[in-house]
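Visitor: Hi! Could you walk me through this one? I'd like the ring contacts first.
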Amino acid sequence: AKRALIELRLKKKGFVVSGEQRIPKRQKHSPVPLSFAQQRLWFLNQLGTSSAYNLPLSIRLKGLPNIKALEESLNEIIQRHEALRTTFRSAGGRPVQIIAENISFKMPLIDLSGQPKAERGVAAERLIRDEATRRFDLAKGPLFSAVLVRLSEEEHILLLTMHHIVSDGWSMGVFTSELAALYKAYCNGEAPPLPELPIQYADFAHWQREWLQGEVLENQLSYWREQLEGVPVLQLPTDHLRPAVQTYRGASQSLLLSATLTEALNALSQAEGVTLFMTLLAAFNTLLYRHTGQEDIVVGSPIANRNRVEIEGLIGFFLNSLTMRTDLSGNPTFRELIRRVQGVALGAYEHQDLPFEKLLEELNPERDMSHTPLFQVMFNMINVRDIAIELHNLSVERVSSVE
């Protein structure tokens, strides 16, 4: 009733109600194109196979796992989500999705329990690293891997890896939620409790290609053309010259904000009528300005791109990248900068349906192998807790990734 009332009010104000634009199921006999995001990863893969686009997840299980129920659960998830049964091949010079009707998945069990404890830990670390960096063949698949490592009778590590072309961070949350529900059901001898999915990822990819053209495409493009005209390269003062070709070698640095500072940031955000993300992005822009002296700062930011109810529960690659360009000229106060960032962010959100890949195709910026086009730094705020993992009668915790 509430949804109907909201939709009625939106119609009266001239808004298009999303319920009127439901993504339809595709005709199964027709070839399935790649989504724009998938096409970019497929193209990058043609330049050279890499593990840079792997999504690994390592889970420590304490207790006596029901291995049969675990394997049944994984098979049910693979059967539910076409993305996990998909490979990518070239047909007539164009990549297409090839979706297998069925895949019988057998989960390997690697037993380290007979090794001395010190050697066992080293071997487990090596397996975690090997699985996280495994090379997937997009044409042959599968693009999903699950390996169970036994450390002792009551301690195991489940190693899950998906290629980004069929998954994203949100998808990992969908995966673990379904795994928990299915594992409990199979342990208790119950039928799978999950409802049928309304559509599949391939339906989205087919719809996206049909929908994003004509007036819809032009309305999106006109905004981004104006926003990104003459976009500069961010000249960070690094201690080494930028290599001619990106190496992707790097490291991580952590910084913990105090509770007092976090409370103050939240209070400032509320007082200015903006989100915490906008306040933090303004601070990040200030930092970049301090180190570069540039008043025209361009930052990339990922967005889940799950703005339709029928795709919320799907495993697939929906993630999009938005380009946030902020003008820092005129020595604005920080409050003024926050308001500038707010305008930039709201405009980007309003035009988030244009895939970054399509934006690059249309703008066709001059390419340089030494840096990424449009933006060279990214800012992300993950506003949800770490992926919650629960499995029936087991103590579960995530294993820190191996650098």
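Guide: Happy to. A charge sits over a ring if NZ of Lys or CZ of Arg is within 6 Å of the ring centre and within 35 degrees of the ring normal. By that test, Arg209 lies over the face of Phe36, 4.0 Å from the ring centre. This is a predicted model, where local features need pLDDT of at least 70 and side-chain atom pairs count only at pLDDT 80 or more, while totals for chains, interfaces and linings use all residues. Residues are numbered from 1 along each chain as its sequence is written, and side-chain values use heavy atoms, with hydrogens and water left out.

Visitor: Which ring does the charged end of Arg308 sit over?
Guide: The ring of Trp211, at 5.7 Å from its centre.

Visitor: And how many aromatic pairs are there?
Guide: Eleven. Rings of Phe, Tyr and Trp (its six-membered ring) pair if their centres lie within 6.5 Å; planes under 30 degrees apart are stacked, over 60 edge-to-face, and the rest tilted. One of the pairs is Tyr201 with Phe318, edge-to-face at 4.9 Å centre to centre and 75° between the planes.

Visitor: What does that pair of Tyr201 and Phe318 tie together?
Guide: Parts 117 residues apart in sequence, because Tyr201 lies in helix α6 (residues 201–211) and Phe318 in the loop between β8 (296–303) and β9 (320–327). Helices (H or I, at least four residues) and strands (E, at least two) are DSSP runs, numbered from the N terminus.

Visitor: Are Tyr201 and Phe318 buried or exposed?
Guide: Both are buried, meaning under 20% relative accessible area; exposed is over 50% and partly exposed in between (1.4 Å probe, protein chains only). Ring pairs also link Tyr201, Phe204, Trp207, Trp211 and Phe318 into a cluster.

Visitor: Switching topic: where is Glu272 found?
Guide: In helix α8 (residues 259–272). Glu272 is buried, with a relative accessible area of 17%.

Visitor: What does the Glu272 side chain make a polar contact with?
Guide: The side chain of Arg339, at 2.9 Å. A polar contact is a pair of N or O atoms within 3.5 Å; within protein, one must be able to donate a hydrogen and the other to accept it, and residues adjacent in sequence count only if both atoms are side-chain atoms. Beyond its neighbours within four places in sequence, Glu272 is in contact (heavy atoms within 4.5 Å) with Arg335, Ile338 and Arg339.

Visitor: Last one, the overall fold: how many helices and strands?
Guide: Eleven helices and ten strands. Of the 403 residues, 43% count as buried.
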